[in-house]
Amino acid sequence: MYRHDAVLGRMASSRTVMFGSQTAHSAISLHPIGASVVRTKKSEETTMARRNATIPAIVAAIFFLDATAMLPYPKAEAKSQMPKQVFGKIQDGQSVDLYTLTNKYGMTAAISNFGGTLVSLKVPDRDGKIGDVVLGYDNPADYESGKAYFGATIGRYGNRIAHGKFTLDGVVYTLPLNNGENTLHGGIRGFNSRVWTTKDVSSSAGEALELTYLSKDGEEGFPGNLSVKVVYTLLADENALRIDYSATTDKDTVLNLTNHSYFNLAGQGNGDILQHQLTLYASQITPVDASLIPTGKLQDVHNTPFDFLQPMAIGARINMNDEQLKFGRGYDHNWVLDKKSPSALSPAARAYDAQSGRVVEVSTTEPGVQFYTGNFLDGTIHGKDGKVYGFRSAFCLETQHFPDSPNHKNFPSTELKPGQTFHSTSIYKFTVQK
Ligand code: BGC
């Protein structure tokens, strides 16, 4: 029988891993504690106090300059054109919205405050023709009843926690089971089915939408009031969508935040993704048991169907007689990214579709990426524009910490403590190949 303490693989960096945004947070101090780049609460409170103070203009200007040094983006105000429209109603009668971010190349990203969901992502192909490259629904009710997590912000804990149990500070926490004997993507009502508070935070870097959510102590079994912020930025000067995550807690907790977009570079609903050429910048995976829980080992990808170090058609080896592929019904695994330093924003994946010429390059500060090939899609879902989503009609590249990390001491830590601020950044950049 599988035992969680039978951990064999040892990661050299596992106890000192930090993760965070590389580019921007100039005022952040780094501490090798647990999971995160840390910014003291005190400095945040001070900043807030500065922002709120009513003081003479000249003093205000000085403080303003000081405060801007801490912001992730240049402050020069851009004229935001971000339209907001009613997306529809969810079961409790609440109306939720859809915000559309646009850049000068005609790329758009539509995001809902329901689930912090990326509803559409429209990018040009090699002929300049714009197409929607993510799967989804036309209304929030379908997102609410759906089980696929299309485009959603996933939390409090992305992917599985074995038997819905973990121990933190000697306390055993029990989570609702929603995936056989395990907890998946935060439980029965994860962050994907919560209504988030929004704010337009556009700047010269690009149109940007901030979403915040307070996950209360005990929600879905997790400890601590967790304040979560997700900022989607559609970059102004390239076709890239950047997602910045941050979070603070008032009690020791665990978290693993990701975005669950399903990509098809040929356009959503336009056949399967088996011919897409994929590169994954990762030499190891975390192999799983039959219920898709990591065994705790790290497995080298060389000479296996999991080797995507060089571009390879997704479908080339997907049906091989391989135990791991059988467990996943295809690819549904976490790749351990090859990183120069644990907190670096570094390449995770590249996918290319020869039909459209579209390329997506994913980079992240996270240590892993869950590559999932839509093995549970079976043609029963009718998505946007009535498109039917068949078997393997999309792939996910969920940048994340490893599944079930709270039960594997050798994996990079997912713990967050009061006084720390979790930061993480992932960028999805689109280009074309002729
Ligand atoms: C999981 C899959 C799951 C899918 C949709 C992925 O992150 O690894 O097993 O079917 O999400 O829930």
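This is a predicted model: local features need pLDDT of at least 70, side-chain atom pairs count only at pLDDT 80 or more; totals for chains, interfaces and linings use all residues.

Trainee: Okay. How many helices and strands are in the chain?

Mentor: Four helices and 30 strands.

Trainee: And what percentage of the residues count as buried?

Mentor: Of the chain's 434 residues, 48% are counted as buried. Look at the contacts too. Take those between residues at least 6 apart in sequence: 68% of them join residues at least 24 apart.

Trainee: What about the largest nonpolar core? Which residues have the most contacts inside it?

Mentor: That core has 88 residues. Ala109, Tyr232, Phe263 and Phe395 have the most contacts inside it.

Trainee: Pick Ala109. What does Ala109 touch?

Mentor: Leaving out residues up to four places away in sequence, Ala109 touches Leu101, Leu118, Leu121, Tyr232, Leu234 and Leu241. Tyr232 is also on the list of residues with the most contacts in the core.

Trainee: Let's go to that stretch of chain. How many bridges join E3 to E4?

Mentor: Five. Strand E3 covers residues 108-112, and the two strands run antiparallel.

Trainee: Which way does E5 run against E4, parallel or antiparallel?

Mentor: Antiparallel, with three bridges joining E4 to E5, residues 130-132. Lys122 turns up again here: its bridge partner in E5 is Asp132. The hairpin of E4 and E5 has five residues between the strands, and Gly128 takes a positive phi near 85°.

Trainee: New topic. What is the order of the strands in the open sheet?

Mentor: Six strands: E17-E28-E25-E22-E19-E20, with antiparallel pairing. Strands E17 (262-263) and E20 (299-300) are at the edges. Each has a single partner strand, so one side of each has no neighbour in the sheet.

Trainee: How many bridges pair E17 with E28?

Mentor: Two, in the antiparallel sense. E28 spans residues 395-400. Phe263 stands opposite Phe395 in E28. Both are among the core residues with the most contacts.

Trainee: How many bridges pair E13 with E14?

Mentor: Nine, antiparallel, with E14 at residues 240-249. A hairpin of four residues joins them. Thr233 stands opposite Arg242 in E14.

Trainee: I clicked on Gly186. Where is Gly186 found?

Mentor: In the loop between strand E10 (183-184) and strand E11 (197-200).

Trainee: Why does Gly186 count as buried?

Mentor: Gly186 has 32 C-beta neighbours inside 10 Å, and the cut-off for buried is 20 or more. Among the residues that Gly186 touches are Ile154, Tyr157, Phe191 and Glu220. Leu255 is 69 residues from Gly186 in sequence, yet their C-alpha atoms are 9.1 Å apart.

Trainee: And Lys147, is it buried or exposed?

Mentor: Exposed, because Lys147 has 11 C-beta neighbours inside 10 Å. Lys147 is in the loop between helix H3 (140-145) and strand E6 (153-154). Its C-alpha is 9.9 Å from that of Phe376, 229 residues apart along the chain.

Trainee: Last one. Which residues surround the ligand?

Mentor: Phe376 is one of them. By class, the shell has five nonpolar, two polar and two charged residues.

Technical notes. Residues are numbered from 1 along each chain as its sequence is written. Two strands pair if DSSP finds at least two bridges between them. A residue is near a molecule or strand if its C-beta atom, placed from the backbone, lies within 6 Å of it. Ala, Val, Leu, Ile, Met, Phe, Trp, Tyr, Cys and Pro count as nonpolar, Asp, Glu, Lys and Arg as charged, and the others, Gly among them, as polar. A nonpolar core is a set of buried Ala, Val, Leu, Ile, Met, Phe, Trp, Tyr and Cys residues joined through C-beta atoms within 7 Å. A residue is buried if 20 or more other C-beta atoms lie within 10 Å of its own, exposed if 12 or fewer, and partly exposed in between; C-beta atoms are placed from the backbone. Two residues are in contact if their C-beta atoms, placed from the backbone, lie within 7 Å.
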